[in-house]
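Reader: I would like to go through this structure feature by feature. Please give me the general idea each time, and then the case at hand.

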Amino acid sequence: MDSLHKHVNQLFAKYKGSKQIQELKREILSNLEAKVADLTAGGMSYSDAVDVARRSITSIDDLIDDQSKVYVNQMTAELVQRGLLYVLIAWIVTMPFRIFGSGIMLNGLLLLGSIVLGIVYVVLRLKKQDMHLGRTAAFDVQAAFRRRKLAWIIWAVFIIVTILYNTAMLFGSNIWFQTQVKIAGPYHFATLGTQYALPFVSILVPMLFHIVPGLMMKYEAGEDDGYEA
Amino acid sequence: MGESNISSDNIRGHLDAIILRVLCEGDNYGYEIMKAIAKNSGGQYELKEPSLYTSLKRLEKQKQIVSYWGDETQGGRRKYYKVTSLGKEAYEAALESWKVAKAIIDQLIERQDKS
């Protein structure tokens, strides 16, 4: 049943986490296995039967709810927590860049961001009432996947543009006049490196978009949890 | 192919009732439901997997069916569906409304040879 397993894993590659989705996966696999067993019992060769079974279901996107009920406050708390973690890491990583003007500003902003997110996080975690934790809202998981893809594309374009821009500003004349690039010393080298490196801190943004669909599925409210949307 | 597509279109709106009928005859799991429907149609209609799962999900949401995992000892465990009393009512209602619709549609579509 290996290649069936692989097929079903592929169908569900994007979707992880929620119990309902895991159940659907097991259900689809068991039905496909029954189909293969039935077809081979009817005289079809095993590999043909697996082929037929695989072709009978090629996408499960339509079976995943467009609108999922999600425990919105619990999800927000974890999103803020992850954001806080990422910003803190970025703050620590950018500390060495404090020797330059733009580095000081960015590092300061990240520290400020950490403090603000930290306060928001503590406030969110202090609210423990059922009313607050049980509140649900409907989210479109498929749209979150699309936004995640878009965020990465925009980020990639941004990075390419800044690299080209930096190169044009720093070495444009060297390329144009075909003169040698002169790096005066380690300090100059570090300045150049910083100009190229700092824009990469913006990876925070697509990283946060990246975890949103997963969090939606993690905090998805079950059908029978008793909370009405 | 064209002909069978037209009939699938006609059938699609009644899938829930068709599945309920199978489940009214006894609890069953996905693949066997598909087989039963193929058999009931005399091999003229084959339910596709995506439609099956969509219908089952809708029926379960409307509490017309409930599901439970079977206890097969060998091979993968299967998810069985059982019709609820709500589902039985829905089935009877669908059957009644289909009978009425069928009579009307017959009158409307079939040529009336007046002599």
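Author: Let us begin with a contact, which means heavy atoms within 4.5 Å. Leaving out residues up to four places away in sequence, Ser68(A) touches Ala137(A), Ala138(A), Phe139(A), Val141(A) and Glu220(A).

Reader: What are the ground rules for the numbering and the values?

Author: This is a predicted model, in which local features need pLDDT of at least 70 and side-chain atom pairs count only at pLDDT 80 or more, while totals for chains, interfaces and linings use all residues. Residues are numbered from 1 along each chain as its sequence is written, chains are lettered from A and ligands numbered from 1 in the order in which they are written, and side-chain values use heavy atoms, with hydrogens and water left out.

Reader: In which element does Ser68(A) lie, and is Ser68(A) buried or exposed?

Author: Helices (H or I, at least four residues) and strands (E, at least two) are DSSP runs, numbered from the N terminus. Ser68(A) lies in strand β1 of chain A, residues 67-71. Buried means under 20% relative accessible area, exposed over 50%, and partly exposed in between (1.4 Å probe, protein chains only). Ser68(A) has a relative accessible area of 3% and is therefore buried. Its C-alpha is separated by 9.7 Å from that of Tyr219(A), 151 residues apart along the chain.

Reader: How do I read the span of a helix, for instance α2 of chain A?

Author: The expected span is 1.5 Å times one less than the number of residues. Helix α2(A), residues 19-41, has 23 residues and reaches 33 Å from its first C-alpha to its last, close to the 33 Å expected at 1.5 Å a residue. Its buried residues include Ile21(A), Leu24(A), Glu27(A) and Lys35(A). Thr40(A), also found in helix α2 of chain A, is partly exposed because its relative accessible area is 29%.

Reader: Which residues does Thr40(A) touch?

Author: Not counting residues up to four places away in sequence, Thr40(A) touches Ser45(A), Tyr46(A) and Ala49(A). The C-alpha atoms of Thr40(A) and Leu204(A), 164 residues apart along the chain, are separated by 52 Å.

Reader: What can be said of Ser114(A) and Leu192(A)?

Author: Ser114(A) is in helix α5 of chain A, residues 101-126, and counts as buried because its relative accessibility is 7%. Beyond four places in sequence, Ser114(A) touches Leu84(A), Val87(A), Leu88(A) and Trp91(A). Leu192(A) belongs to helix α8 of chain A and is buried, with a relative accessible area of 8%. Its contacts, leaving aside neighbours within four places in sequence, are Leu170(A), Phe171(A) and Ile183(A). The C-alpha atoms of Leu192(A) and Leu170(A) are separated by 8.2 Å, and the two residues are 22 apart along the chain.

Reader: What is the order of elements in chain B, and how do its strands pair?

Author: Chain B has five helices and three strands, which run α-α-β-α-α-β-β-α from the N terminus on. Strands of a sheet pair through backbone hydrogen bonds, either parallel or antiparallel. Two strands count as paired if DSSP finds at least two bridges between them. In chain B the three strands form an open sheet of order β1-β3-β2 with antiparallel pairing. Its edge strands are β1 (28-29) and β2 (65-69) of chain B, each pairing on one side only. Between β1(B) and β3(B), residues 79-83, the antiparallel pairing runs over two bridges. Tyr29(B) stands opposite Tyr80(B) in β3(B).

Reader: How much of chain B is buried, and what does the C-alpha trace span?

Author: Buried residues make up 30% of the 115 residues in chain B. The C-alpha trace of chain B spans about 65 × 35 × 20 Å along its principal axes.
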